[in-house]
Amino acid sequence: WHSVVRDLWAPLSKDLEGALGATATVPLIVADAFVTLESSGRRASKVIVYGVDERFWAFHGLAPPEGVVVSPALASEVGATEGDVLLTQGAHDMEQYFVLDGVLKRVVSNPEGKEMILRFAKEDDMETSYAAWRLRTPAPYSIRAVTKARVAKLPLPQWAAILDGNTELKDDFEYEVMFLMSEVMAHTITLHLLDAPGRVHRFLRKHPDLAERVPKKELASYL
């Protein structure tokens, strides 16, 4: 770190300040990595590491912390096994989930215990009850693990605070929430308008990568 800053950043910073008319610049190194927790051996992949020094924190008006700073998402990464419940229908304490590995399902049930799967979420996808949280209503469905899964999670109030600080991210996220709601609505309509072979064909066309990963009993329940 120090050699990179000394040899590369020092001359580059002066050029940047002159070209941009900036009064100050700070060095930042970005690298892709994975993190292993020594006590358990659990590994988190697709981690982005930022190398900064005291100038970065001073630039943002913050006191530099000691050692390594871990993001809440990485610190809260959890491992779920098949059938584990991440969110219970009717709950008021809700979280934002980002799927790192495995498959989750969104499922709603009636008082008699009859269930309906609304959607599946795989890696690089998300699950959320953001709309219900914004409306201050209980979670309208449960979120469960279909397969062994790794999930990064944040309490929704904390996630909302991050969104409020980034308008573009918030717009993209809320668009995705509305898109997922429309997908659930389309699936519900499909159950009424298409016969069983038609529903299977639609699923294979839209989600070919899930066909072999979702257990047959789960897929049958969904369709």
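Strands here are DSSP runs of E with at least two residues, helices are runs of H or I with at least four, and both are numbered from the N terminus. Before we go on, this is a predicted model, where local features need pLDDT of at least 70, side-chain atom pairs count only at pLDDT 80 or more, and totals for chains, interfaces and linings use all residues. Residues are numbered from 1 along each chain as its sequence is written, and side-chain values use heavy atoms, with hydrogens and water left out.

Now the strands. β6 and strand β7, residues 115-122, pair in the antiparallel sense over 7 bridges. To count as paired, two strands need at least two bridges found by DSSP. β6 and β7 make a hairpin, with 5 residues between them. Look at G113 in that turn: its phi is positive, about 90°.

β6 has another partner. Strand β9, residues 142-145, pairs with β6, again antiparallel, over 4 bridges. There, L104 has A145 in β9 as its bridge partner.

How many of the residues in β6 are buried? The count is 5 of 7, so β6 is mostly covered. Buried means under 20% relative accessible area, exposed means over 50%, and partly exposed is in between, with a 1.4 Å probe and protein chains only.

On to charges. Side chains of opposite charge can pair when their charged atoms come close. For a salt bridge, a side-chain nitrogen of Lys or Arg must be within 4 Å of a carboxyl oxygen of Asp or Glu. The whole structure has 11 salt bridges.

Which residue meets R106 in a salt bridge? E127 does, at 2.8 Å, N to O. R106 is in strand β6, residues 103-109, and E127 is in strand β8, residues 126-127, so this pair ties together parts 21 residues apart in sequence. Both R106 and E127 are buried.

Next, D125 and R119. Their side chains meet at 2.9 Å, N to O, in a salt bridge. R119 is buried, at 9% relative accessible area. R106, R119, D125 and E127 are linked in a salt-bridge network.

Last pair: D164 and R134 form a salt bridge at 3.7 Å, N to O. D164 sits in helix α5, residues 156-164, and R134 in helix α4, residues 130-135, so the pair ties together parts 30 residues apart in sequence.
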